[in-house]
Amino acid sequence: MKIYVLVKEVPDTYGDRKLDLETGLADRGAGEVVLDEITERALEVALSYADANPGTEVVALSMAPESATASIRRALAIGAGSAVHVVDEELRGADLGLTAAVLAAAIRRGEPDLVITGNLSTDGSGGVIPAMLAEHLGFAQATALSAVAIATDAVTGTRATDFGSQQVSAPLPAVISVTEALPDARFPNFKGIMAAKKKPLEVLSLADLGVSADPAEAPQTILTAVAEKPPRAAGVKITDEGDAAAQLVEFLAQNRLV
């Protein structure tokens, strides 16, 4: 069994996040960057299966700037056996469509049995990459899983819905995405950190994958405007002069909260 896990470096969720108002891209120089927690959870799903099934190959895959190498090495320290890092200056500001095409090309090159991702990243929060990958690859898909069971020929899981829990299954090869209901990733120990320095980390460019970022060849998202988040407005203050309850009900009704 070969499992590819998508990992992503994102701005630290505990810090302030800012957009570059000229490019519309996240300002990654404004604070610390970390491996996205949801992708660590996806990695833990793969590693848990590998622990119980010797011979399983777990590969961490990331499309990121060259500066993200340390975060990808963290995935290796946690337990991935090898990693693939897609780096190309032409991918700066890539939209979801181009991102999916590039990742699919890298996955197709590795011929895995299963691809595991987080359901959505904590920076872009697009939430569509898993489905787009499945479409590109022609794989079955099972998304937003809160529990996962992997077998030699299929994957099953539980998806939370507005009406309760839904049991889903898909034959391999497949793409699955997991939610924050899955366990945290194991913490890399000293042995893992040292081993990560010697594990294979393959760096690929667009030319290696045979993918073009030329917008003339395929439609891409165009940014039309970007602005800072407006300052938070003051809330409504109700002074009780014997009619506070009525004022509160009226406020709730006007804002369609009741």
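Visitor: How far apart do the centres of the positive and negative side chains lie in the protein chain?

Guide: This is a predicted model, in which local features need pLDDT of at least 70, side-chain atom pairs count only at pLDDT 80 or more, and totals for chains, interfaces and linings use all residues. Residues are numbered from 1 along each chain as its sequence is written, and side-chain values use heavy atoms, with hydrogens and water left out. Lys and Arg count as positive and Asp and Glu as negative, without His or the chain ends, each charge being placed at NZ of Lys, CZ of Arg, CG of Asp or CD of Glu. The protein chain has 21 positive and 35 negative side chains, and the centres of these two sets are separated by 6 Å.

Visitor: Is Glu 89 buried or exposed?

Guide: Glu 89 belongs to the loop between strand E5 (82-86) and helix H3 (96-110), where strands are DSSP runs of at least two residues (E) and helices of at least four (H or I), numbered from the N terminus. Buried means under 20% relative accessible area, exposed over 50%, and partly exposed in between, with a 1.4 Å probe and protein chains only. Because its relative accessible area is 64%, Glu 89 is exposed.

Visitor: What separation do the C-alpha atoms of Arg 92 and Pro 215 have?

Guide: Arg 92 is also found in the loop between E5 and H3, and with a relative accessible area of 57% Arg 92 is exposed. Pro 215 is 123 residues away from Arg 92 along the chain, and the separation of their C-alpha atoms is 13 Å.
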